[in-house]
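I opened this model today to look up a few places in it. My entries are kept in the order in which I looked.

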Amino acid sequence: MPCEKQPRFLILYGSQKGQAQSIAEGIADEAAEHGLVAEISCLSRHEEYRLERESAPVVFIVSTTGDGEPPDTTLKFVKTIRAKTLPSDFLKNLHYALLALGDTNYANFCNCGKTIDKRLQELGANHFYATGHADDGTGLEVVLDPWIEGVWDAIKAALSKMSSSSHPPLKETLSDMTKENPAPTSPPHVELNRLSLADNKTPDSIKAPFDSDTKLTLGGLPSTEVTGLSSESDVAAAKSAQEAQTDQVREECVVAEPSLTYSLPPLSQSSLNVPALPPPYLEATLLLEDKAEKFNSSLHTETFYEVPVTNAVQMTRGDSVKKALLLELDISAHPTMTYMPGDSFDVLCPNRASEVDAVLLRLGLQDQKHQRVQLAVRRDTQKRGAQTPPHVPDNCTVQYLLTWCLEIRSVPKKAFLRALVDCAGDSRQKRRLQELCSKQGSADYNRFIRDSSLCLPELLTEFSSCTPPLSLLIEHLPKLQPRPYSAASSTLRHPGRLRFIFTVVELPACPGRPEGRRGLCSGWLADLVAPVLVRPGTDESSCGQAQLPQIHVRMRLSGTFHAPTDPTAPLIMVGPGTGLAPFLGFLQQREIERRDSPDVAFGETWLFFGCRHKDGDYLFREELEGFVSSGTLTHLKLCFSRDAAAAAAGGEEAAVPAVSQPPPACPRYVQHNLRLHSQRVSRLLLRHDARLYVCGDARNMAKDVNDTLMEMVRAELQLDQLDAMKTLAALREEKRYLQDIWG
Ligand code: NAP
């Protein structure tokens, strides 16, 4: 077999939302350029690999989900390698590299990758390359790009060592390898594929039109040197890029600021290292109605229940910074749809019609939007394991595909930008897209695309000459994910009902987005319930006769974020803003349990709640005060961040107090109240088996609360920082410190 002669390696991925899979596929696609054959498999396909017998290097790419859990597809693999019966040399012949994906906004960063790595080591496996921990919170590419850059040399080094006759375990020779190749701590620097203007499939070394030391003379054209051009088309392409640069330079005389579509020197004059163009692997054919099988869209939503929204209430005053809504769903027709307080559920939401229309328009498909899409893998594809995406149902229409299947709001990855370069007609736009996906343009990518959460419709608006084919969108856009919400009720209090609360997310205007936009699901829900919405100060909705809207939902059973089974255990709940949601369910349940079991000595309950203004967004004020009156809630600790700030600063906003400062007399945030009650809370937690729950914003609040807890533990137990961290980690392990946080 010819391919037996080519060095082979194996890629195994564990993906929840497709991120790890797409990185794994990217590596597999690039393998041939490095003279390697990559076999790729999902970790869930156990029959396709045998690690204990694997004679080639293995590259693992694994995500982490939830509170540090493995992706669903990786659960069984983790369970298998964790088996205590496995001998400590079970994987002594395995040579592997591992890239863990995670998000530092959440607890247990990269936990799945770390768990697998640790266990593989315990089973005798050998690293041939340093483990990478890529952080989605700060940008995966910061670690991802250099890690991939270095992995090729590491694989080759591993292959050569493994094929040597003595075949010593790499663990023993890792130090030798490190000398040649500093990968384990800093991946070797490998020149990325350089931009080729003519042949996008095989990028080779040519200089992009402007060299960094290009001289500009007033009124004159910059003199540049283009090397390595092999054909007339190369030269023509380079010339047109050069003209584009010239235009851009002229433009820069007027536009002093870089923007999504314009760059300034040095980037605009730099040679670029752009990623290799992933060869297209899908073919989309549009079928006329009579030739296509009828598409049954209900099959696509079969795991969801369609339920009516029976109540919709605006919880915040009209002038509040954020609008919070309460929605109540009638789930009584679906007896299997059960939940406990603390569980969350998924809402299926469509892409915005106006954005779908804009994409259809750009693709030139408005007149064909009702035609059916027949998708196939291209016959000539070199992509290993290429398959049509499972989230695109057979025979769906173009409009259905763009509305319900593809996440058109996702932030385009660099590989997608790279592919879009070839779909842009305007040379300036081509160059800018090249910059944005290049190594040199990383800062601009982060600033104008990633940090602003720019999406495809916005990008296409700005890059007006870019007309990608539908198949490219299907290859690069991830699956449209349902959006999770926490239940904000108990079925003991609201039988047959499921309530939830959310704020309508607002993304501000930014370069590339002239006007702000609302979050996809929260904006859609707000529009959907507008006709039946009960607004503040009114008892009824403005349109009493309106038909109840319906939405598709399915339960996600969290398994851990539940009230303790022991009713005597003290309960400490921290939930500012809509982070209050699960605790409403906890307290409703507790109130009924107390009524039904008068002899039980229930543990004390604390709720730390915060919002901006007492009169503007204090959610469920009456219900919370009722819990206090009935004794269900022992301590309600409130703070009003902007009332307090205004009071402290004599009407002006005060600076946010640092966590380490003493708590202000007038606490602004939930963590300040925790510090005010530090001793009591710490003792309950550390000496009286209390459970502590945190729900709400992951990016700031949950981190600050965690820091505060650390200080409280330090003070209470007289520990140093490291031991305080260990104590908190142990509480997490024991499921006595639980988070349900959202970024
Ligand atoms: P929010 O924006 O978190 O604001 C609530 C309060 O927290 C405000 O008083 C705010 O004060 C304050 N705050 C700001 N920074 C803080 C910090 N570092 N530490 C402590 N408090 C801080 O409230 P929200 O709009 O209701 O958002 C809650 C978050 O929870 C969102 O991220 C949401 O996605 C998430 N969540 C989602 C669900 C769900 O079901 N999907 C459920 C619960 C929570 P200032 O604004 O005055 O600074």
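These entries cover the ligand site, one glutamate and a few backbone angles.

**Entry 1: the ligand site**

I note at the start that this is a predicted model. I asked which residues come nearest to the ligand. Of the 23 residues around the ligand, the nearest are Lys322, Thr578, Ser641, Arg642 and Tyr669. I then looked up single distances to oxygen atoms of the ligand. A polar side-chain atom of Tyr669 is 2.5 Å from an oxygen atom of the ligand. For Arg642, a polar side-chain atom lies 2.7 Å from a ligand oxygen. Cys611 takes part through its backbone: a polar backbone atom is 3.1 Å from an oxygen atom of the ligand.

Next I looked up how much of the ligand is covered. Taken alone, the ligand exposes 900 Å², and the protein buries 86% of that. I also listed the elements that give two or more residues to the shell: strand 12 (483–486), strand 18 (605–611), helix 19 (641–648), strand 20 (691–697) and helix 22 (701–717). By type, the shell residues divide into 10 polar, 8 nonpolar and 5 charged.

**Entry 2: Glu328**

I found Glu328 in strand 9, which covers residues 324–330. Is Glu328 buried or exposed? Its relative accessibility is 10%, so I put Glu328 down as buried, the cut-off being under 20%. I then checked what the side chain of Glu328 meets. It makes a polar contact of 3.3 Å with the side chain of Arg497. A second polar contact, of 3.0 Å, links the side chains of Glu328 and Arg499. Leaving aside neighbours within four places in sequence, the residues in contact with Glu328 include Pro308, Val309, Thr310, Asn311, His494 and Leu498.

**Entry 3: backbone angles**

Before this search I wrote down a reminder: most peptide bonds are trans, and most residues other than glycine have a negative phi.

The peptide bond between Pro265 and Pro266 is cis, with omega at about 5°. Pro266 sits in the loop between helix 7 (232–254) and strand 7 (282–287).

Ser453 is not a glycine, yet its phi is positive, about 50°. I located Ser453 in the loop between helix 13 (442–450) and helix 14 (456–462). Ser453 has 28% relative accessibility and counts as partly exposed.

Gln718 also has a positive phi, near 55°, in a residue other than glycine. Gln718 lies in the loop between helix 22 and helix 23 (721–733). How exposed is Gln718? Its relative accessible area is 67%, and the cut-off for exposed is over 50%, so I recorded Gln718 as exposed.

Note on methods: Residues numbered from 1 in each chain as written. Predicted model: local features only at pLDDT ≥ 70, side-chain atom pairs only at ≥ 80, totals over all residues. Heavy atoms only, no water. Near = heavy atom within 4 Å. Polar contact = N/O pair within 3.5 Å; in protein donor to acceptor, adjacent residues only side chain to side chain. Areas by Shrake-Rupley, 256 points an atom, 1.4 Å probe, with all protein chains shown as cover. Helix = DSSP H or I, 4+ residues; strand = E, 2+ residues; numbered from the N terminus. Nonpolar A, V, L, I, M, F, W, Y, C, P; charged D, E, K, R; others polar. Buried < 20%, exposed > 50% of the residue type's maximum accessible area, 1.4 Å probe, protein only. Contact = heavy atoms within 4.5 Å.
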